[in-house]
Structures are given as C-alpha cells and as structure tokens.
Amino acid sequence: MKLFLIAAAANNNVIGNNNQLIWHMPADLKHFKDLTMGHTLIMGRKTFESLGTPLKGRTTIVLSRKKDYDAKGCQVAHDLSDALKLVKGEKEVFIAGGSQIYDQSMNLHQSRRIYLTRIFASFDGDAYFPEIDPAQWELIERTDHQPDEKNKYAYSFQTYKRRLRCK
Ligand SMILES: NC(=O)c1ccc[n+]([C@@H]2O[C@H](COP(=O)([O-])OP(=O)(O)OC[C@H]3O[C@@H](n4cnc5c(N)ncnc54)[C@H](OP(=O)(O)O)[C@@H]3O)[C@@H](O)[C@H]2O)c1
C-alpha cells in the first residue's frame, strides 16, 4: 500500500486559515478530484469538519482521538496506525490533510508521493504544509499555469517522489 500526500500550498506553505481554505481555484479542485476519485482519503477531524461532508466517489477515513467521534458517511480511526490497518488491502491511498496529518505522515515509509499544487502567492494563515526536504523528495513532474478568469493566481501542479534510500 502506497500513501500519496495531496495538498495545495501557497509560496509560504500556508494551506488554510480558521479551518478553511483561503483561495478558490477550480483548476485545483478538478485536479484533486481527478487524482483521488475512487480512492480512500485519510484526513484529520478539522479538515473533515471544514468540508462538512464526505466527498462523493471516495471513501473517507477521519482521524480523531475522541473515542465517541462520529463522522456521518465516513470511517473513524483513532490513530494513524489504525487508519493504515483499515486501508491495508488498497494500492494507493491519499493523505488529504490538514497540517497535523501531513506532518505525521510525510516521513512514514509508506508515503511515496506528494501531489502539491503550488499557488504562486503568499497568504496569512494558521495551517501549513511541511517543508519538502529535497534530500528526501525528488520533483519528477511539474506543469505551470497562468491565472485565468476562473483561477486568480498562477499555480503549478507538482509531483514529488520519495528518493530511494541507498545502503
Ligand atoms: N490546502 C490544502 O490542500 C488543505 C488540505 C486539507 C486541509 N487544509 C486546511 O488545513 C487546516 C486544518 O489542518 P489542522 O492541522 O488544523 O487540522 P487537521 O490535521 O485537519 O485535524 C487535526 C485533528 O485531527 C485529529 N488527529 C490529529 N492527529 C491524530 C492522530 N495521530 N490520531 C488521531 N487523531 C488525530 C485530532 O482530532 P481531535 O481533536 O478530534 O482528536 C486533531 O485535532 C484547515 O485550514 C484546512 O482548510 C488545507
């Protein structure tokens, strides 16, 4: 089973503020949908609550330490290893944030790719994507886009692959 982190982050790594996304970028929403459709998403309780509902066509596992937490239409796991047990039989599973969950999963050996949409602007926020260490992660693909009438900021779809460790 491989884990893929998927996120959109500003130049200063901000991903959200007050438990909400900051920008509205339909191109990124489509990119997220295209990549994740049919797969399982693992997300933190705060991210789930900011969405308010599970995303169609995907299985959602919500992480919460609250033993009685109920997320309608989702599975709930109380720690990351429980969540990984739930997806043991799957080939590719997406880590969909937020900041706490990216922090905890980025260095897991199962985490093989990062699909990062870089939004070429800086914002004030209170949730961040972790620094991507170039010694650990290789940028293998990027496509840059200019702003247009629907997408206010320039952006880049970037794929990072975990570097193989040599002994
Ligand atoms: N731009 C993007 O791509 C993107 C993507 C996703 C989210 N976001 C943004 O990120 C922000 C939310 O991020 P966040 O870091 O504040 O919250 P979060 O990671 O979404 O959720 C944090 C919560 O997850 C639970 N949790 C964390 N670690 C856990 C563990 N090991 N085991 C069990 N439960 C665990 C806890 O829930 P309990 O308190 O219930 O125990 C914790 O309060 C929002 O602004 C959101 O809009 C942005």
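Analyst: A polar backbone atom of lysine 46 lies 3.3 Å from an oxygen atom of the ligand. This pair is a polar contact, that is, a pair of N or O atoms within 3.5 Å; within protein, one atom must be able to donate a hydrogen and the other to accept it, and residues adjacent in sequence count only if both atoms are side-chain atoms. The side chain of arginine 45 also takes part: one of its N or O atoms is 2.7 Å from an oxygen atom of the ligand. At serine 99, a polar backbone atom is 3.1 Å from a ligand oxygen. Taken alone, the ligand exposes 930 Å², and the protein buries 90% of that area. Accessible areas come from the Shrake-Rupley method with a 1.4 Å probe; for residues, only the protein chains shown count as cover.

The model is predicted: local features need pLDDT of at least 70, side-chain atom pairs count only at pLDDT 80 or more, and totals for chains, interfaces and linings use all residues. Residues are numbered from 1 along each chain as its sequence is written, and side-chain values use heavy atoms, with hydrogens and water left out.

The ligand is surrounded by 27 residues, and the closest are Ala8, Arg45, Thr47, Ser64 and Gln104.

At least two shell residues come from each of strand E1 (2–10), strand E2 (14–16), helix H2 (45–51) and helix H4 (99–105). H4 gives the most, with 5 residues. Helices (H or I, at least four residues) and strands (E, at least two) are DSSP runs, numbered from the N terminus.

The ligand sits in the largest pocket, as more than half of its atoms lie within 2 Å of the grid points of that pocket. On a 1 Å grid over the protein atoms alone, a pocket is an open set of points where a 1.4 Å probe fits, with protein on both sides within 12 Å along at least five of seven lines; lining residues have an atom within 4 Å of a point. The lining comprises 44 residues, of which Thr47, Ser50, Ala96, Gly97 and Gly98 lie nearest the pocket centre.

The peptide bond from glycine 97 to glycine 98 is cis, with omega near 0°. Glycine 98 lies in the loop between strand E6 (92–95) and H4.

Key:
A residue is near a molecule or strand if one of its heavy atoms lies within 4 Å of it.
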